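Subject: Structure for your files

Hello,

Here is the structure I said I would pass on. My notes follow below it.

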Amino acid sequence: MTDKVIRIFRIINAIQSNPGITAADLAFRCEVNIRTIYRDLEVISHFAPVTNEGRGTGYRFMGKFFLYPLDFSEQESLAFSLLPSVLNPDRIPPGFHSAYDKVMGTHLKEKSRQNGLLENIADIIQMGTPAYRKESRNFLQPLIGAILEQRSIRTVYHSQSRNATTARKIDPYYLIPRDQRFYLIGYCHLKGAIRTFRISRFEQVEMTASAFDKGNFNIKQYLKNTWSINRGTRNVTFKVRFDPEVARYIKEEELFVQPRMSEEGDGTLLFEVTVNNEKEFIKWILQYGPNAEILEPESARERLKEQLEQWLDVYQQQT
């Protein structure tokens, strides 16, 4: 069995290095008969796109297939690293250890390259520091790595709403940038449900060896009618009129929701959208001041009037 594994590696390397190599040449290189090569090629065809376009054309791999770099999972890497210890030393053929060292060396080199790439990505994406901290660790690298490898993370997270810190295990699904912050959406084992976490509130993040499956989770469905990042429980339809001065900026907003927009003859923009978090939407509207007027619902107009009156009272008070 060991001879066959080594021979298959040799065949793959030979085809990669010499596209169009014949079965006879492969048999000569591997010191076996041509029938053995045909059987090995049949095995290889189950996991690699090897092709032969006709008699005398030899073998090559289709597309961009390449054996290296190896994409071992942690479990596969561990299993392969234990291979020499489970084989009978008296039956290991010459060349096995050198071939094994090359495979493991390539895997470790690729793993290092991937970690370096993730580190560079994390450095490129600059994040702010919460005002109450002198410094804040950037957990983007382990989070991106865990999402790509579909590995659970162990975390310590501070929940601002409850002002409490808890240890959690989370299956990280997606990173969402919103309002100059990053949020993680994933399955929280502590709560037994999908939750949204603000990255700056993580105090510790460690990727585990535990793999997860997102199942039928759909991020677009999950964020349906969500204006920013926090999901509400009741849908409300807003109709807003934007003045010409800001209308063109509204059109280029990048949103999870799909608003209905129509331009009026005077350049104003009518904007209608259904959201599940009224508070978040009104907070967004306020940044446009008098250039944005809520037309519907009437209840939202009245609440905004009350808020503006409270603000006016604050600034009319003498200091």
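**Salt bridges and surface**

Arg241 is partly exposed, with a relative accessible area of 31% (buried means under 20%, exposed over 50%, partly exposed in between; 1.4 Å probe, protein chains only). This is a predicted model, in which local features need pLDDT of at least 70, side-chain atom pairs count only at pLDDT 80 or more, and totals for chains, interfaces and linings use all residues. Residues are numbered from 1 along each chain as its sequence is written, and side-chain values use heavy atoms, with hydrogens and water left out.

The structure holds nine salt bridges (a side-chain nitrogen of Lys or Arg within 4 Å of a carboxyl oxygen of Asp or Glu). One of them joins the side chains of Arg241 and Glu293 at 3.0 Å, N to O. The pair links distant parts of the chain, with Glu293 in strand E11 (residues 292-296) and Arg241 in strand E8 (residues 236-242), 52 residues apart. Strands (E, at least two residues) and helices (H or I, at least four) are DSSP runs, numbered from the N terminus. Glu293 is partly exposed as well, at 32% relative accessible area.

Lys251 and Glu263 form another salt bridge, at 2.2 Å, N to O. Lys251 lies in helix H9 (residues 244-251) and Glu263 in strand E9 (residues 260-263), twelve residues apart. Glu263 counts as exposed, at 54% relative accessibility, while Lys251 is partly exposed at 41%.

Arg234, Glu278 and Arg303 are linked in a network of salt bridges.

In helix H7 (residues 140-149), the buried residues are Leu140, Leu143, Ile144, Gly145, Ala146 and Ile147. Just after H7, Gln150 has a positive phi of about 50°.

Regards
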